[in-house]
Amino acid sequence: MGRQILHVDMDAFFAAVEQRDHPEYRGKPVIVGADPKQGKGRGVVSTCSYEARKFGIHSAMPIIQAWKRCPDGIYVPPNGKLYSQVSKEIQAIFFEFTDLVEPLSIDEAFLDVTGSIGLFKSGVEIARKIKQRILESQQLTASVGVAPNKFLSKIASDLEKPDGLVVVEEGKEKEFLAPLEISRLWGAGKKTVERLNGLGIHTIGDLQNLPEEVLKKKFGKMGRHFYLISRGIDDRNVVPDHGVKSVSNEMTFFEDVLDPEIIRRTLLRLAEKVAYRLRLQKLSGKTIHLKLRYEGFETHTRNRTIGNYTSNTQTIFNTVTQLFEESYQPGRRVRLLGVGVSQFGTEAGRQLSLFDAGEEKTDPLDELEDIVRNKFGKNAITRAGGLTNNPRNKPPANDDFKM
Ligand code: TTP
Ligand code: MG
């Protein structure tokens with residue numbers, strides 16, 4: 001069986017919390033947002049209850065317009081602190097079912113529950129349990145999509161809101177998508193939708209009927225993306241948010257170093273360690289950092305953002321080597337070197353990555369190293385180029401640095 005990905009999204013989140021805490025608001029149009037000031041207010045609607053949506057009110061609408069549509073509604077200022085607290089408690093529920101939780105916003109997250117099926121029977125069963133737990137503990141409803149990937153689960157969670165549960169079976173991706181409007185396609189903005197409509201393409205099914213070559217001709221790189229995504233093909237991983245913003249290692253030399261070969265090997269060793277730790281945490285980042293301290297204590301930091309997310313030793317090594325060559329003042333002794341990676345892959349970043357360079361393929365050498373390290377400990381293997389001549393020039397055990 002393939003992957004089981006859940007997308008969980010709370011229903012009318014801010015408004016639902018207000019209705020929960022004020023029983024007199026229940027069943028009524030509740031608008032959370034700016035003060036309407038009897039129709040003279042500025043600012044916008046944050047969200048509104050489903051009762052208010054019947055009046056045509058929605059998020060981001062000017063509050064004056066909401067007032068015009070529903071002057072008798074209940075207008076409530078947002079209580080951000082409360083919503084964040086509720087959001088945290090809901091997230092804690094997700095972790096009862098899997099560690100692979102990728103929060104997308106205050107009220108939604110992707111969960112990869114593939115590894116939890118043995119314990120809980122099926123993805124659908126987990127979705128039911130999560131909905132039940134949220135209802136019991138928070139008296140709030142969530143909508144959940146269950147599918148073999150992120151794209152499909154996100155669409156599915158939205159289809160039967162509020163209190164929805166929609167499952168996309170493996171093998172049924174194409175027929176699930178076919179009747180849906182192309183505006184639901186990931187990557188299709190307003191202009192693209194207009195262009196596609198102009199070509200007589202209104203549903204995802206219409207798009208499925210076009211050969212890949214035609215799509216490529218009309219949309220260039222996006223053509224390939226549309227070809228895949230209209231068939232429900234999306235292999236993005238659920239990237240857990242560990243709260244970690246960067247991963248880095250540094251090494252202070254026992255004796256200050258001039259030898260370029262020792263410097264090169266040290267950078268390789270550090271790149272290896274950082275890359276290994278990234279892969280261990282299933283992270284990849286696109287900003288590479290170098291820290292360089294000369295004898296004395298003068299310290300320089302440099303960084304470079306590359307076009308794709310990486311956890312690849314060679315890529316990290318090549319980039320820090322470039323940074324080193326660009327900033328090193330020849331003839332000066334080096335006391336410390338540090339290598340780091342930050343700007344981890346996020347949903348938005350990954351969306352773009354499908355169209356351009358994307359995530360790198362796994363390097364077989366990295367994979368081999370990971371296997372050995374996981375089995376025999378993290379110091380069990382080092383690339384030949386990363387060995388230092390001076391055995392005293394070993395990295396300290398705890399060698400994180402702040403960037
Ligand atoms: P959404 O999940 O987009 O909306 P929702 O939960 O209110 O309603 P739905 O049932 O359709 O999911 O956003 C979550 C919260 O984020 C929402 O309750 C309020 C806030 N928000 C804003 O403050 N401004 C906005 O423009 C949007 C879209 C959301
Ligand atoms: Mg929501």
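I started at Tyr50, where an N or O atom of the side chain sits 2.6 Å from an oxygen atom of ligand 1. A note to myself before going on: this is a predicted model.

Next I looked at Thr47, and found a polar side-chain atom 2.5 Å from an oxygen atom of ligand 1. Ser46 uses its backbone instead: an N or O atom there lies 3.4 Å from a nitrogen atom of the ligand.

How much of the accessible area of ligand 1 does the protein cover? I got 69% of the 550 Å² that the ligand has on its own.

Then I asked which elements give two or more residues to the shell. They are strand 1 (5–10), helix 1 (13–21), strand 3 (45–48) and helix 2 (50–53). I counted 13 residues around ligand 1, with Ala12, Thr47, Tyr50, Arg53 and Asp107 the closest. By type, the shell holds five nonpolar, three polar and five charged residues.

Away from the ligand, I checked the backbone. Gln38 is not a glycine, yet its phi is positive, about 50°. I found Gln38 in the loop between strand 2 (30–33) and strand 3. Is Gln38 buried or exposed? Its relative accessibility is 62%, and exposed means over 50%, so Gln38 counts as exposed.

Lys121, also not a glycine, has a positive phi of about 80°. Its loop runs between helix 5 (117–120) and helix 6 (123–138). With a relative accessible area of 72%, Lys121 is exposed.

Last, I looked at Pro162, in the loop between helix 7 (150–159) and strand 8 (165–167).

Terms used
Residues are numbered from 1 along each chain as its sequence is written. Chains are lettered from A and ligands numbered from 1 in the order in which they are written. This is a predicted model: local features need pLDDT of at least 70, side-chain atom pairs count only at pLDDT 80 or more; totals for chains, interfaces and linings use all residues. Side-chain values use heavy atoms; hydrogens and water are left out. A residue is near a molecule or strand if one of its heavy atoms lies within 4 Å of it. A polar contact is a pair of N or O atoms within 3.5 Å; within protein, one must be able to donate a hydrogen and the other to accept it, and residues adjacent in sequence count only if both atoms are side-chain atoms. Accessible areas come from the Shrake-Rupley method with a 1.4 Å probe; for residues, only the protein chains shown count as cover. Helices (H or I, at least four residues) and strands (E, at least two) are DSSP runs, numbered from the N terminus. Ala, Val, Leu, Ile, Met, Phe, Trp, Tyr, Cys and Pro count as nonpolar, Asp, Glu, Lys and Arg as charged, and the others, Gly among them, as polar. Buried means under 20% relative accessible area, exposed over 50%, partly exposed in between (1.4 Å probe, protein chains only).
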